[in-house]
Amino acid sequence: MIRYLLIRVTLLLACICLGGGVRGQAWVLGVKNRPGLTANTYVFLAAGAQAPGRRACVATVSFREKETYRAYLRKEYTFEAAAGEMMSWGVNLPDGTYLVDVEVLDKAAGTRTTLTWPDPYRVNTQREVLTSDIFFSFDPAAARSLSYPILSRYLYADPRPLYYCVELYAPGYPLLTVRSVLYKEKTTEQRSGAAAYESLQQNNRVVTLTGNRAIVMDSLSLLQLREGEYMIHVLVYANDELVADEQTWFQLGGSIRQQVLDDLDQGISMMRYVVPQAVIDTIRSYPDRARRQDKFLAAWARLYPLDTDVQLEAYYARVFEANRRYGGSRPGWETDRGRIYIQYGEPRVYETSSGGKSYLRWTYARWSLSFLFEARDGDWILVR
């Protein structure tokens with residue numbers, strides 16, 4: 001099963017945050033496909049719930065071709081935003097794979113926030129049956145209109161049903177059969193062979209298209225699910241032949257901050273990339289857990305006095321994502337790739353080479369930085 005990568009928040013500059021689900025952040029970014037329309041790509045930008053007041057902003061949206069990294073499209077949008085509001089802009093892109101960046105200028109505060117959509121964004125209009133990306137919402141009307149997707153794939157237990165929708169565009173197909181499957185990732189102890197997911201829920205229905213279009217909506221109860229990673233897979237059949245499919249994943253859990261406090265000693269160890277070892281040793285030296293927690297939170301407050309919780313959750317979201325991506329014989333956050341990912345975020349350019357040895361290079365154009373990893377003993381070791 002294909003996994004999608006999520007959450008990159010740059011650590012070096014406190015004003016730089018990534019869209020994709022860090023609770024409390026200033027802006028959240030989403031990029032969705034809508035097939036068969038004048039605009040086949042929609043960029044969603046939401047002002048975080050903690051954003052102060054209504055203010056004038058400028059968003060610069062950039063699409064770059066993934067293969068060449070050349071800028072294909074760059075547009076500016078002027079708007080006013082208040083906490084909780086969302087803007088969307090449509091553009092039409094030719095077939096290809098793109099990297100998406102949005103820079104938001106808050107005119108009143110004089111701050112710039114750079115957001116990067118972490119998944120390569122793909123446009124393919126050559127199939128007979130086209131599907132939109134999967135839209136999430138707790139509001140069934142908003143989900144069905146594909147107007148307000150939940151942009152975070154990191155969700156929390158909620159008593160409301162979670163609705164997910166896919167739009168079909170299929171000229172010449174009056175009827176299609178759609179199967180929606182909810183999978184849960186198996187734990188390491190559960191896994192056997194190549195299977196990594198177990199099917200929990202499946203819905204099948206025959207869909208009648210009107211004007212070559214149909215919207216298929218299903219729902220699930222988050223309260224009935226255990227914490228962990230889930231995948232939704234939507235498969236479209238015509239006369240028992242698979243003609244299209246779409247999938248996405250989401251993580252269900254409690255607050256990132258609460259997860260860290262629940263395993264406080266591990267959370268203290270994971271601070272090594274933002275504070276000196278002496279600070280970690282001092283916090284650990286308190287035998288009373290309550291005192292260790294107070295000192296731990298005080299250390300974060302000294303680092304980020306204005307947005308302590310936002311930056312704490314952003315940092316540990318990257319740590320947890322590094323564990324998911326790079327874990328193996330040791331936790332992902334302790335690996336060389338995990339450390340660079342936590343400190344610098346998603347690299348702008350990946351390059352691989354092989355000969356006598358295999359190498360991987362990560363490039364960060366924003367800071368003119370480049371890191372070279374060499375494959376050794378089943379891991380990638382930073383060599384330069």
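Modeller: Happy to. Keep in mind that this is a predicted model. Let's begin with aspartate 240, which is found in the loop between β15 and β16.

Colleague: What is its phi like?

Modeller: Aspartate 240 has a positive phi of about 70°, although it is not a glycine. Most residues other than glycine have a negative phi.

Colleague: And asparagine 239, where does that lie?

Modeller: Asparagine 239 lies in that loop too, between β15 (228–238) and β16 (241–253). Its phi is near 55°, again a positive value in a residue other than glycine.

Colleague: Are asparagine 239 and aspartate 240 buried or exposed?

Modeller: Asparagine 239 is exposed, with a relative accessible area of 80%. Aspartate 240 is exposed as well, at 76%. The cut-off for exposed is over 50%, so both values qualify.

Colleague: Nice. Now the helices: how much of α7 is buried?

Modeller: Eight of the nine residues of α7 (residues 336–344) are buried, so this helix is largely enclosed by the rest of the structure.

Colleague: Which residues are those?

Modeller: In α7, the buried ones are Asp336, Arg337, Gly338, Ile340, Tyr341, Ile342, Gln343 and Tyr344.

Colleague: What covers them?

Modeller: The cover includes one helix, α6 (308–326), and the strands β18 (358–364), β19 (369–376) and β20 (379–382).

Colleague: What follows α7 in the chain?

Modeller: Glycine 345 follows α7, and the phi of this glycine is positive, near 85°.

Colleague: You mentioned α6. At what angle does it pack with α5?

Modeller: Helix α5 (residues 289–303) and α6 pack at about 105°, and their axes are 9 Å apart. The two helices are therefore roughly perpendicular to each other.

Colleague: Which residues make that contact?

Modeller: From α5 there are Phe296, Leu297, Trp300 and Ala301, and from α6 there are Thr308, Gln311, Leu312, Tyr315 and Tyr316. By class, the contact has seven nonpolar residues, two polar and no charged.

Colleague: Changing topic: how many cavities of 30 Å³ or more turn up in the whole structure?

Modeller: A search of the whole structure finds one. The largest cavity has a volume of about 30 Å³.

Colleague: What lines it?

Modeller: The lining of the largest cavity is made up of Val43, Val61, Phe63, Tyr77, Trp89 and Val91. The elements giving two or more residues to that lining are β3 (55–65) and β5 (86–91). As for classes, the lining has six nonpolar residues, with no polar and no charged ones.

Colleague: I see Val61 there. What does arginine 74 touch?

Modeller: Leaving out residues up to four places away in sequence, arginine 74 touches Thr60, Val61 and Ser62. Arginine 74 is found in strand β4 (residues 71–81).

Colleague: Is arginine 74 buried or exposed?

Modeller: Arginine 74 is exposed, with a relative accessible area of 62%.

Colleague: Last one: what does the chain look like overall, in helices and strands?

Modeller: The protein chain has seven helices and 20 strands. Of its 384 residues, 52% count as buried. Among contacts between residues at least 6 apart in sequence, 63% join residues at least 24 apart.

Colleague: Great, thanks!

Note on methods. Residues numbered from 1 in each chain as written. Predicted model: local features only at pLDDT ≥ 70, side-chain atom pairs only at ≥ 80, totals over all residues. Heavy atoms only, no water. Helix = DSSP H or I, 4+ residues; strand = E, 2+ residues; numbered from the N terminus. Buried < 20%, exposed > 50% of the residue type's maximum accessible area, 1.4 Å probe, protein only. Contact = heavy atoms within 4.5 Å. Axes fitted to C-alpha atoms, helices over the stretch in contact; angles between N-to-C directions. Parallel < 35°, antiparallel > 145°, perpendicular 65-115°, else oblique. Nonpolar A, V, L, I, M, F, W, Y, C, P; charged D, E, K, R; others polar. 1 Å grid on protein atoms, 1.4 Å probe; cavity = no way out; pocket = protein on both sides within 12 Å on 5 of 7 lines; lining within 4 Å. Points joined across faces, edges and corners; volume = space filled by probe spheres on them.
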